[in-house]
Amino acid sequence: MTRVPRWLLRHRIVIEPYVGDSAYGPVYGPPVDDVPALVSETTKLVRAPDGRQVVSSAQVVLDLDTDVPAGSRITLPTGRTTVPITVSTVNAPGLPVPAHKEVTCE
């Protein structure tokens, strides 16, 4: 399986994994700093897992092994904090497409 080359992941992001809810709102685990990523801050209309159409303002390509639980908080290179709408694994065995994760963010 071909993986996305590390040299393509030019940006660095911070991922705070979602661990649950409390009486005061979402609870996040310790931040994972300096995560290699390729970030595109482009506005796109996407479909959320529940079927709603929502606007994505950033798309992030990550290494296949990067863990991004639904509801996590992501800090982009610009300093903007966002939440994933969808997290997809792209894997095409036998084809010249590198395996990676695609995260569409609010």
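Modeller: Before we look at this predicted model, one cut-off is needed: two strands count as paired if DSSP finds at least two bridges between them.

Biologist: What makes β8 and β9 a pair of strands?

Modeller: Two bridges join β8 to β9, and at least two are required, so the two strands qualify as a pair. They run antiparallel, and the bridge partner of Ile-74 is Thr-82 in β9.

Biologist: Why is β9 called an edge strand?

Modeller: The open sheet has seven strands, in the order β9-β8-β1-β4-β7-β11-β10, with antiparallel pairing. Both β9 (81-82) and β10 (84-90) pair on one side only, and these two are the edge strands. For the protein as a whole, the secondary structure comes to eleven strands and zero helices.

Biologist: What makes Tyr-18 and Tyr-28 an aromatic pair, and which kind of pair is it?

Modeller: A search of the whole structure finds one aromatic pair. Its members, Tyr-18 and Tyr-28, have ring centres 6.3 Å apart and planes at 70° to each other; since the limits are centres within 6.5 Å and, for edge-to-face, planes over 60 degrees apart, the pair is classed as edge-to-face. Tyr-18 belongs to strand β2 (residues 18-22) and Tyr-28 to strand β3 (residues 25-28), ten residues apart.

Biologist: Why is Asp-63 called buried?

Modeller: Asp-63 has a relative accessible area of 11%, and buried means under 20%, so Asp-63 falls in the buried class. Its place is in the loop between β7 (58-62) and β8 (73-75). Leaving aside neighbours within four places in sequence, Asp-63 is in contact with Arg-3, Val-4, Arg-6, Leu-9 and Lys-101.

Biologist: How do you know that Asp-65 and Arg-3 form a salt bridge?

Modeller: The closest N and O atoms of Asp-65 and Arg-3 are 3.4 Å apart, and the rule asks for a side-chain nitrogen of Lys or Arg within 4 Å of a carboxyl oxygen of Asp or Glu, so the pair meets the criterion. Asp-65 lies in the loop between β7 and β8 and Arg-3 in the segment before β1 (11-16), so the bridge ties together parts that are 62 residues apart in sequence. Arg-3, Asp-63 and Asp-65 are linked in a network of salt bridges.

Biologist: Why is Asp-65 called exposed, and why is Arg-3 called partly exposed?

Modeller: Exposed means over 50%, with partly exposed lying between that and the 20% limit for buried. Asp-65, at 58%, is therefore exposed, whereas Arg-3, at 32%, is partly exposed.

Biologist: What makes Glu-41 and Arg-80 another such bridge?

Modeller: Their side chains meet at 3.3 Å, N to O, and the limit is 4 Å, so this pair qualifies too. Glu-41 lies in the loop between β4 and β5 (44-47) and Arg-80 in the loop between β8 and β9, so the bridge ties together parts that are 39 residues apart in sequence. By this rule the count comes to six salt bridges.

Biologist: How do you know whether the radius of gyration agrees with or departs from that of a compact globule?

Modeller: A compact globule of 106 residues would have a radius of gyration near 13 Å, and the protein has 14 Å, which agrees.

Terms used
Residues numbered from 1 in each chain as written. Predicted model: local features only at pLDDT ≥ 70, side-chain atom pairs only at ≥ 80, totals over all residues. Heavy atoms only, no water. Phe/Tyr/Trp six-rings, centres within 6.5 Å; stacked < 30°, edge-to-face > 60°. Helix = DSSP H or I, 4+ residues; strand = E, 2+ residues; numbered from the N terminus. Buried < 20%, exposed > 50% of the residue type's maximum accessible area, 1.4 Å probe, protein only. Contact = heavy atoms within 4.5 Å. Rg over C-alpha atoms; globule rule 2.2 N^0.38 Å.
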